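Biologist: I am new to this structure and would like to learn how to read its features. Could you take me through a few of them?

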Amino acid sequence: MLQPPRSGLTPLSDDAFKLSRWKTAETLVVLDALGDAQPSLSTAWKQLDSKNWRFELRAGVKFHDGTPLTAAQVAASLTAAADAKPKPRILDGVQLSVRTDGGNAVVVTTRTDDPLVPQRLSSPQLSILAASAYKPGGVVSPINAGTGPYVLASVDGTSSATLNRFADYWGEKAVSSGVDVQYVPDGTARAAALRTGTADVVEAIPVGQVAQIKADLIHEVPMPRTNTLYLNTKAGPFADPSVRAAARTSVERAPIVDRVYEGRADIAEGLLGPALPWAAKERENTSYVEALKKRAEAAPANGRRIKLGTFTDRAELPEVAVQLEQQLEAAGFMVEQEVREYQHIEADALAGKFDAFILSRATVLDSGDPVAYMFSDFSCKGSFNISQFCDAEVDAALSKAAAIPAGPERRAAIAAAEALILSKDAAVPLLHERVIQGESARIRNVERDPRERALITSKTGIAG
């Protein structure tokens with residue numbers, strides 16, 4: 001695995017995604033490829049009113065310590081997450097309470113209307129653990145406390161972890177007797193482990209290492225992450241829509257994908273990429289096409305000076321900046337680059353001190369839904385509005401999408417909001433990133449999950 005635990009594998013942190021990828025901790029619901037909620041520890045749910053949801057619990061489930069899954073313990077687990085400081089990311093801005101409803105159901109209540117409660121409960125940060133996991137002082141230990149097909153048997157700090165098959169699992173029993181996990185932050189070392197057969201599953205093979213590995217061991221997984229050029233719509237040259245249009249028309253995506261990512265990325269047609277399999281089809285709608293036709297006509301660049309910023313933390317971004325500088329200058333702009341570490345440049349980017357800024361941005365947050373990202377980046381009150389963008393029509397479209405329950409109608413509304421944002425040239429999506437996952441020739445049935453929630457499953461095992 002790429003990163004060691006940062007918070008002792010507590011599910012109330014990003015470490016929760018390790019527990020999910022190892023299939024040791026489980027949630028009430030899981031998401032399918034479209035982002036719709038499907039049963040897991042809860043078998044059925046119903047919205048009682050705009051603020052209350054009732055979840056029926058699966059019967060016969062045992063925690064790894066032998067205690068039974070009960071409504072009381074589900075309520076206690078979710079309440080611990082809701083009361084945690086800091087809160088799990090999925091509950092930012094959400095006031096949530098949970099109570100039992102008989103012995104086999106819980107009712108989840110939100111302070112404000114929230115049509116995405118089931119999607120929120122799919123977050124690994126809201127995994128349900130046994131009472132034994134919750135220690136004094138707010139410490140949560142998942143060792144021997146989950147419900148998944150693998151027991152987290154032991155942890156060696158930031159070096160390794162050991163998982164064993166859980167004989168009393170409620171679902172399909174694990175094919176493998178166990179899994180040995182090692183944390184290897186160095187990309188070259190991870191690639192070597194795959195190449196030499198030391199590891200059967202390897203996260204995040206660096207692009208530069210791929211040529212040294214047999215092609216049939218490499219699997220590319222589309223990520224819900226878009227590399228985007230944000231244009232300052234409030235001040236400077238790009239306050240003029242026609243100048244933003246000039247920048248958009250000057251961008252050539254294919255050379256960036258080929259030269260910087262060695263072809264291992266997807267050219268962006270919109271803000272949302274192939275990790276959301278419904279997005280491309282929504283762009284075929286007549287209303288989407290018509291919205292893009294309302295873009296401003298490009299004006300001549302006429303030697304306008306622009307300040308282009310990005311950061312070094314993602315190795316590809318400075319190279320992307322070089323490519324974009326060449327393309328913009330070929331269109332008649334005069335470009336000044338500024339590249340720093342992210343921690344030293346974020347405040348200036350958010351304050352609008354750049355005319356253009358290149359950012360690799362996650363487009364789907366923990367609920368599996370892109371509305372929160374769009375609000376953050378493109379609404380008038382957005383907390384991550386690098387484009388300094390404010391448009392009443394876009395705000396209305398985002399509010400409409402946010403109020404619709406998950407499903408086809410919400411997806412159509414999200415696509416309509418995307419088309420509006422792109423029609424204003426507030427941002428120019430460049431490419432959608434992929435992660436390269438390594439799998440040995442002998443391993444079978446490893447998950448390739450764009451959301452990075454699944455990896456090892458009950459079916460994962462050694463051939464023969």
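This is a predicted model: local features need pLDDT of at least 70, side-chain atom pairs count only at pLDDT 80 or more; totals for chains, interfaces and linings use all residues.

Modeller: Start with the element names: helices (H or I, at least four residues) and strands (E, at least two) are DSSP runs, numbered from the N terminus.

Biologist: What kind of peptide bond joins K85 and P86?

Modeller: Most peptide bonds are trans. The bond that joins K85 and P86 is cis, with omega at about -5°.

Biologist: How many disulfides does a search of the whole structure find?

Modeller: A disulfide is a pair of cysteine sulfur atoms within 2.5 Å. The search finds one. Its partners are C380 and C390, whose sulfur atoms are 1.9 Å apart. Both cysteines lie in the loop between helix 11 (371-378) and helix 12 (392-403), so the pair ties together parts that are 10 residues apart in sequence.

Biologist: Why is the disulfide of C380 and C390 called right-handed?

Modeller: Because the torsion about its S-S bond is about 90°. As for accessibility, C380 is partly exposed, with a relative accessible area of 31%, whereas C390 is exposed, at 53%.

Biologist: How do helix 11 and helix 12 pack?

Modeller: Angles over 145 degrees count as roughly antiparallel, and those under 35 as roughly parallel. Helix 11 and helix 12 pack at about 160°, their axes 10 Å apart, and are therefore roughly antiparallel. Helix 11 passes helix 12 in a left-handed crossing. On the helix 11 side, the contact is made by V371, M374, F375 and F378; helix 12 brings V394, D395, L398, S399, A401 and A402. By class, these residues divide into eight nonpolar, one polar and one charged.

Biologist: At what angle do helix 11 and helix 13 pack?

Modeller: At about 25°, with axes 11 Å apart, which makes helix 11 roughly parallel to helix 13. This crossing is left-handed. V371, M374 and F378 of helix 11 meet R410, I414, A417, E418 and I421 of helix 13. Six residues of that contact are nonpolar, none is polar and two are charged.

Biologist: Is helix 11 mostly covered or mostly open?

Modeller: A residue under 20% relative accessible area is called buried. Helix 11 is mostly covered, since six of its eight residues are buried: V371, Y373, M374, S376, D377 and F378. Their cover includes strand 11 (218-231), strand 15 (356-362), helix 12, helix 13 (408-423) and strand 16 (427-439).

Definitions and conventions
Residues are numbered from 1 along each chain as its sequence is written. Side-chain values use heavy atoms; hydrogens and water are left out. Buried means under 20% relative accessible area, exposed over 50%, partly exposed in between (1.4 Å probe, protein chains only). Axes are lines fitted to C-alpha atoms, for helices over the stretch in contact, and angles run from 0 to 180 degrees between N-to-C directions. Angles under 35 degrees count as roughly parallel, over 145 as roughly antiparallel, 65 to 115 as roughly perpendicular and the rest as oblique. A crossing is left-handed if the near helix is turned anticlockwise from the far one by less than a right angle, and right-handed if clockwise. Contact means heavy atoms within 4.5 Å. Ala, Val, Leu, Ile, Met, Phe, Trp, Tyr, Cys and Pro count as nonpolar, Asp, Glu, Lys and Arg as charged, and the others, Gly among them, as polar.
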